[in-house]
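Trainee: Could we go through this model together? I'd like to start with the backbone and then turn to the pocket.
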Amino acid sequence: MQCIGDISEEVWQDCITLFLQTGMCCDAAIITNSPPWLLASYPEGNLFQLTQEEIQILLVREGREKLFLQGITLAGTKCLLIRDNLYTEGNNTMDLRTKGQSRGSQAVTVIQIE
């Protein structure tokens with residue numbers, strides 16, 4: 001994990017803790033898009049295994065329509081793309097669903113913030 005600007009890794013980990021305390025999610029990760037890398041993640045989840053290549057594919061701006069056909073892999077888990085508004089001003093979200101897991105599929109939401 002990296003630090004960005006004057007924000008330490010501990011601050012990013014505190015954000016992860018806040019996400020998980022709501023009880024609305026079971027895993028979380030914070031990535032940056034310039035350059036694309038993992039800033040923080042829940043160590044007991046799966047998203048800590050996000051690869052550089054997976055992050056780059058997730059954040060690509062051109063040719064996003066092929067993500068609907070090919071899906072996306074996050075931390076080695078294949079996901080179906082349900083809705084892609086990641087680069088739609090005012091929305092900036094992406095909805096995915098995991099597939100092929102023994103514990104059933106799970107919803108994944110990607111949110112882009114400034």
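Trainee: Where does Ala75 lie?
Mentor: Ala75 lies in the loop between strand S3 (72–74) and S4, strands here being DSSP runs of E of at least two residues and helices runs of H or I of at least four, numbered from the N terminus. This is a predicted model, in which local features need pLDDT of at least 70, side-chain atom pairs count only at pLDDT 80 or more, and totals for chains, interfaces and linings use all residues. Residues are numbered from 1 along each chain as its sequence is written, and side-chain values use heavy atoms, without hydrogens or water.

Trainee: OK, and is Ala75 buried or exposed?
Mentor: Ala75 counts as buried because its relative accessibility is 9%, where buried means under 20% relative accessible area with a 1.4 Å probe and protein chains only.

Trainee: What about its phi?
Mentor: Ala75 has a positive phi of about 55 degrees, although it is not a glycine. Most residues other than glycine have a negative phi.

Trainee: Which value does Asn92 take for phi?
Mentor: The phi of Asn92 is near 55 degrees, again positive in a residue other than glycine, and Asn92 sits in the loop between S4 and strand S5 (93–98).

Trainee: Switching to the largest pocket, which residues lie nearest its centre?
Mentor: Ala29, Ile30, Thr109, Val110 and Ile111 lie nearest the centre, out of 40 lining residues. Elements giving two or more residues to that lining include helix H1 (9–21), strand S1 (29–33) and strand S6 (107–111). A pocket is an open set of points on a 1 Å grid over the protein atoms alone where a 1.4 Å probe fits, with protein on both sides within 12 Å along at least five of seven lines, and lining residues have an atom within 4 Å of a point.

Conventions
Buried < 20%, exposed > 50% of the residue type's maximum accessible area, 1.4 Å probe, protein only.
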